[in-house]
Amino acid sequence: MRLAFMGTPEFAVPSLAELIASGHEIVAVYSQPPRPKGRGQILKPAVLEAPRLGCFNLHASLLPRWRGTAPIQREIMAGDKVTGVEVMQMTEGLDEGRDLRRWARCRRPGVLAHVPIRCIRCHQRWIALRLVRRSGGKC
């Protein structure tokens, strides 16, 4: 499958590595340099409508509680007992798309770790299979 990938380093790197390892053709990679503020960018309608099968986001928290930037840090600071990731169909609003799949787990006391890499890999496979089904196998 031909894919364009957009992601912010650290959280995005395992996703990109998994997509490459699973044989997808990555035709473009877009990222922003790390910075403390202003990371929540909203894509223009032309960008969201360009891919025939749509745009998807692997969000770093369970929605809708922590929409926007720094969701992992915000859930840790709030002392949330449950952590997770969520796949959504992207729309013009920031983190406002339809939720397609989520994976949650209880945070162990004293452990700040977020979601394991195997969970992220599972979500990439799920997105890829969904896209292949939606395209009738013509990706």
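**From a surface patch to the sheet**

Mentor: Tyr30 counts as partly exposed, because its relative accessibility is 47% (buried is under 20% relative accessible area, exposed over 50%, partly exposed in between; 1.4 Å probe, protein chains only). This is a predicted model: local features need pLDDT of at least 70, side-chain atom pairs count only at pLDDT 80 or more, and totals for chains, interfaces and linings use all residues. Residues are numbered from 1 along each chain as its sequence is written, and side-chain values use heavy atoms, with hydrogens and water left out.

Tyr30 sits in strand β2, residues 25-30 (strands are DSSP runs of E, at least two residues, numbered from the N terminus). Together with Met6 and Val47, Tyr30 forms a nonpolar surface patch. The accessible area of the three together is about 280 Å² (Shrake-Rupley, 1.4 Å probe, only the protein chains shown as cover). Such a patch takes residues with over 30% relative accessible area and no salt bridge, with nonpolar side chains joined within 5 Å. A salt bridge puts a Lys or Arg side-chain nitrogen within 4 Å of an Asp or Glu carboxyl oxygen.

Now the sheet. Three strands form an open, antiparallel sheet in the order β3-β4-β5 (a pair needs at least two DSSP bridges). Its edges are β3 (56-59) and β5 (99-106), each pairing on one side only. From one strand to the next, the twist averages 10 degrees (axes are lines fitted to C-alpha atoms; angles run from 0 to 180 degrees between N-to-C directions).

Start at β3. In a regular strand, side chains alternate between the two faces of the sheet. Both faces of β3 are covered. Phe56 and Leu58 are buried on one side, Asn57 and His59 on the other. Four bridges tie β3 to β4. Asn57 has Met88 of β4 as its bridge partner.

Met88 also stands opposite Asp99 in β5. Strand β4 covers residues 82-89, and seven antiparallel bridges join β4 to β5.

Thr83 counts as buried because its relative accessible area is 0%. The side chains of Thr83 and Glu75 make a polar contact of 2.4 Å (N or O atoms within 3.5 Å, one able to donate a hydrogen and the other to accept it; sequence neighbors count only if both atoms are side-chain atoms).

Finish at β5, which holds Leu100. Leu100 is buried because its relative accessibility is 17%. Leu100 and Glu86 lie 14 residues apart in sequence, with their C-alpha atoms 7.5 Å apart.

Key
Patch = residues over 30% accessible without salt bridge, like charges linked within 9 Å, V, L, I, M, F, W, Y side chains within 5 Å.
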